[in-house]
Amino acid sequence: MENSKWIATVASIWIQCSCGASYAFGIYSAALKSSQGYDQSTLDTVSVFKDIGANIGVLSGLLYHAVTDHKRGAPPSSSRFGSGLSLVYLAGAIQFFAGYFLMWLSVTGVIEKPHVSLMCFFMFMAAHAQTFFNTTNVVVAVQNFPDYSGTTVGIMKGFLGLSGAILIQIYQTLFDGSPSTFLLMLAVFPAAVSLLLMSLIHVNPSNTTNDKHHLNGFSLIALAVAAYLMIIIIFQNMFAIPSWVHIVTTVVLLMLVSSPLQVAVSAQRKEKQPPSPAMAPLIVASDKDGGVEMNLVQAVGTVNFWLLSVAMVFGMGSGMATINNISQIGESLDYSTFQINAMVSLWSIWNFLGRFGGGFLSDVFLHRYGWGRPLFISLTQAAMVAGHLIIGSGGNLYIGTVIVGICYGSQWSLMPTITSEIFGVKHMGTIFNTVAAGNPIGSYILSVGVIGRIYDMEAEAGGGGSCHGIHCFMVSYFVCAGVCVFGFLVSLVLFFRTRGFYALILQRRSKQLLV
């Protein structure tokens, strides 16, 4: 079978499905805590390094640029091991294996208990590996489908958001009740998948006849996987599931995850037919278009970079702070353990819907009306204000977490796409990973500096211990709503500043439709 951009997309999707181990921390955190003798604050410190590693991927962006820069203007390589992209995947695979394998050795007692700082390094290394896979998959997708970058980024980020739930389903089928074995699985499985598939991934932005139709096929599969996982999660929280049911449901899940290959085969078959002029891509990116190509230093010197970064600190930070504290919020509002577990489990589904929907819908409105993507950051942050107010006022926590989860996820598809459009694709990996640092920064400020501190004050005022009642998180989430209002205004400024760029896209569209 020809190694086309469609096969490359399928390989990227499968790697994304395997590399989101940082979203499965809750499975092995108790084993890590008990085996190492950590208290809760120490475990939280280790978890912070997970968030830092998974979100600060500047090194992955620099490596991607270093191994691909010499190929600018040259024909894309299709040799089995000729692509420099393999080096990026190899760097990620080594870190993935080393980080989780060393944690497994520590938890099982094969090696002596490492110092906390060393365990933090293990966790950072394991989570940091994810950025090498994610950066390559996202940037290659944008370069292969420049006219539908929002949709492709949404697909890649969406499958990454689902990967934690996919890995947990595999674990519950094979090793349920053995979280230490799950660590060994995380050391081996994602690294092996990336090493097996990395030679299939390459940049090949060929002008094909009906990209949108086939990308919609990938999108429908992603939605089907999310819906299937949601049903499984709900039933697992409601009933005791026997092992044979776990096996059947996991087999069906793997069949769904494998189905993008059929879309790729169909796309390749239709590509061999004569192209139809009416179905030519609306926007074709190339170096000759005169588009802006900035490196990280140049981007940091622009107002647009800081507007986007500040918006992400508030949008991503408040969303991450919510999921970090959802259990405590539920307990304070007297939700049952079942209800809290269901909300935590379903967060990955809402996160996926935001990641996928943000990219897909922004593409639709860009192509039809020329609406700039920063407008969708403004709209989603305005919606987050409502979500935070619902949580803070003691309203329905399900509704609040659905709104915040979807809007938080959308930032992850909108931000990389906007980065590629404003600053260019050449250094996209480095720049969007720098902007993504706003996630742990905002989360730390809001989780520790605001939510944690106010919660402790309310608990002390109530005689110590845990805090119960609306007042425990009311002020905190009114503050989160306030910062999202500021994020809304900042992103709105970015929208007005970039209107000229998106007007240029409309002009290109008009010219191509006249040809």
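1. A disulfide is a pair of cysteine sulfur atoms within 2.5 Å. The model discussed in this note is predicted, and by that rule the count in it comes to one disulfide. The partners are cysteine 467 and cysteine 472, whose sulfur atoms lie 2.0 Å apart. The link between cysteine 467 and cysteine 472 is left-handed, with -90° about the S-S bond.

2. Both ends of this link can be described by their accessibility. Cysteine 467 has a relative accessibility of 4% and therefore counts as buried, since buried means under 20% relative accessible area. Cysteine 472 is buried as well, with a relative accessible area of 0%.

3. Other cysteines deserve a brief remark. Cysteine 19 is buried, at a relative accessible area of 0%. Cysteine 120 also counts as buried, with 4% relative accessibility.

4. The chain as a whole may now be considered. In the predicted model it has 20 helices and zero strands. Of the 515 residues in the chain, buried residues make up 55%. Among contacts between residues at least 6 apart in sequence, 85% join residues at least 24 apart.

5. Helix packing is the next topic. Two packed helices are described by the angle between their axes and the distance between the axes. Helix H1 (residues 5–18) packs with helix H9 (residues 211–238) at an angle of about 25°, and their axes are 12 Å apart. H1 and H9 are therefore roughly parallel to each other, because angles under 35 degrees count as roughly parallel. The crossing of these two helices, H1 and H9, is right-handed.

6. Which residues of H1 meet H9? On the H1 side they are Lys5, Trp6, Thr9, Val10 and Ile13, and on the H9 side Asp211, His214, Leu215 and Phe218. By class, the residues of this contact of H1 with H9 divide into five nonpolar, two polar and two charged.

7. H1 also packs with helix H11 (residues 260–271), at an angle of about 170° and with the axes 9 Å apart. H1 is therefore roughly antiparallel to H11, because angles over 145 degrees count as roughly antiparallel. H1 contributes Trp6, Ile7, Val10, Ile13 and Trp14 to this contact, while H11 contributes Pro260, Leu261, Ala264, Ala267, Gln268 and Glu271. The contact of H1 with H11 has nine nonpolar residues, one polar and one charged.

8. Is threonine 417 buried or exposed? With a relative accessible area of 0%, threonine 417 is buried. Threonine 417 belongs to helix H16 (residues 397–423). If its neighbours within four places in sequence are left aside, threonine 417 is in contact with Ser149, Gly150, Val153 and Arg373.

9. Serine 447 has its place in helix H18 (residues 438–461). Serine 447 has a relative accessible area of 12% and is therefore buried, as the cut-off for buried is under 20%. Not counting residues up to four places away in sequence, serine 447 touches Ala321, Asn324, Asn325 and Gly452.

Key:
Residues numbered from 1 in each chain as written. Predicted model: local features only at pLDDT ≥ 70, side-chain atom pairs only at ≥ 80, totals over all residues. Heavy atoms only, no water. Axes fitted to C-alpha atoms, helices over the stretch in contact; angles between N-to-C directions. Helix = DSSP H or I, 4+ residues; strand = E, 2+ residues; numbered from the N terminus. Parallel < 35°, antiparallel > 145°, perpendicular 65-115°, else oblique. Left-handed = near helix turned anticlockwise from the far one by under 90°. Contact = heavy atoms within 4.5 Å. Nonpolar A, V, L, I, M, F, W, Y, C, P; charged D, E, K, R; others polar. Buried < 20%, exposed > 50% of the residue type's maximum accessible area, 1.4 Å probe, protein only.
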